[in-house]
Amino acid sequence: MPYLTISEQTTPPLRIFYLDQGPPTAQPILLIHGLGCDLHDWSWQIPLLLSLGYRVISSDLRGHGKSSGPHPTLPLSPTWPGPDALITTPDGNGPTLIVDYYPQSLAIDQIRLLDHLSISAPQKKVLVIGHSLGSTISYYLCTTFPDRVQALVTIDPFHNQTNELRDPVVGLFDSDGEYTLVEWFTKYGYVAMSPSPEEWYTTWHARRVLTTEGEVMRGLAWGGFEARDSLGRRENAALCYLPTGDKKEGLQCPFLAVGAGEQNLILEREMLESKGDELDELVVLAGGGHWLHQGDKAGEFNKILEGWLRKGGFLPGLVGDLTES
């Protein structure tokens, strides 16, 4: 089975499960799923993308699905420790690798996957599609490695809640209390879907969440939105992603953002106005809930996606290998 080993220094070793489908020389498109999900989240889009001629790359994020999930290093770091950071334990053992679940580390996992598959700039740039936490990972990837990316599609982004809204849920996963991610999905994630999802669908979602170890989920929540410096907070995301004047900072590539409501695209609207790229586009797809690319809204979402890819000239056959001028 296709695995990429990120590190042998963890227990278990940190390995990422991935699928690489489509012609190996085709335009690559990278799909990044959200919290508590896996690569099967893209089952509604993969047939379309393959039919359009893309090379479709998807993976289970660390701690999800078939990828391994070593426990995060305790105490949880108040800030992202950086790639391949080491620590010496109080008993003098080490140095050992710090295991964290910050979006930045998950993004670097994706860069290493692209390297493993020999998809590298400037010969080949990748299209990136991310959902929820996957959007946060995607934004970091696109802004930190701009030479690797051609364009970004973000679905119901994870980072539009402010510190005021995030602070009350710090510690959400610190215990085995009743308030779990499954409960959150049930109370808030599915109720906005119209029509209401069938029971098999919510059961499928819940069973995947229940396979995630508690300590791993704690690390994902901490790195994703609980830590004060997390990119899952709008104030921090704005500092990282918004372009600043003439400087080549923030998001530079064209983007399509599709959200379940205007409140889920607040930062994206700021970005649209500050970037001024005619290819940038915001779309509200009401009635789709947080997983608006799945279920009854998948067909509508796919039409939006294909239309934007055509408009931008991003379809295979319309764009070749990109080289520096």
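These questions and answers go through a predicted model and the reasons behind some of its labels.

Q: Why is R55 called buried?
A: Buried means under 20% relative accessible area. R55 has 8% relative accessibility, so R55 counts as buried. Its place is in strand β4, residues 55-59. Among the residues that R55 touches are D20, P23, Q27, I29, L117 and I119, not counting residues up to four places away in sequence.

Q: Which peptide bond joins T11 and P12?
A: A cis peptide bond, with omega about -5°. P12 is found in the loop between β1 and β2 (14-21). The bond from L74 to P75 is also cis, with omega near -5°. P75 is found in the loop between β4 and β5 (86-87).

Q: How do you know that the buried residues of α9 are on the same side?
A: In helix α9 (residues 266-275), L267, E268, M271 and K275 are buried. They cover an arc of only 100° around the axis, which puts them on the same side of α9. These buried residues pack against α3, β8 (149-155), α8 (234-241), β9 (255-259) and β10 (281-284). After α9 comes G276, whose phi is positive, near 70°.

Q: What makes a set of residues a nonpolar core?
A: The members are buried Ala, Val, Leu, Ile, Met, Phe, Trp, Tyr and Cys residues, joined through side-chain atoms within 4.5 Å. The largest such core here has 58 residues. V128, L152, L220, Y241, L251, F255 and M271 touch the most other members. Helix α3 (residues 133-144) gives the largest share of this core, 6 residues. Another core lies apart from it, with 27 residues, among them W42, L52, A151 and L315.

Q: Which residues does V128 touch?
A: V128 touches L30, I32, S138, L141, C142, V149, A151, L152 and V153, leaving aside residues up to four places away in sequence.

Q: Why is one space called a cavity and another a pocket?
A: In a cavity a 1.4 Å probe fits but cannot get out, whereas a pocket is an open set. The structure holds 3 cavities of 30 Å³ or more. The largest cavity holds about 140 Å³ of space. It is lined by 16 residues, and R62, D84, D100, S105 and R112 are the closest to its centre. Helix α2 (residues 103-116) supplies the largest share of that lining, 4 residues. The largest pocket has a volume of about 730 Å³. Of its 31 lining residues, Q161, R166, W184, Y188 and H290 are the closest to its centre. α5 gives the most to the lining of the largest pocket, with 5 residues.

Q: How many residues of each class line the largest pocket?
A: The lining of the largest pocket has 16 nonpolar, 12 polar and 3 charged residues. The lining of the largest cavity divides into 8 nonpolar, 3 polar and 5 charged.

How values were computed. Residues numbered from 1 in each chain as written. Predicted model: local features only at pLDDT ≥ 70, side-chain atom pairs only at ≥ 80, totals over all residues. Heavy atoms only, no water. 1 Å grid on protein atoms, 1.4 Å probe; cavity = no way out; pocket = protein on both sides within 12 Å on 5 of 7 lines; lining within 4 Å. Points joined across faces, edges and corners; volume = space filled by probe spheres on them. Helix = DSSP H or I, 4+ residues; strand = E, 2+ residues; numbered from the N terminus. Nonpolar A, V, L, I, M, F, W, Y, C, P; charged D, E, K, R; others polar. Buried < 20%, exposed > 50% of the residue type's maximum accessible area, 1.4 Å probe, protein only. Contact = heavy atoms within 4.5 Å. Arc of directions from axis to C-beta.
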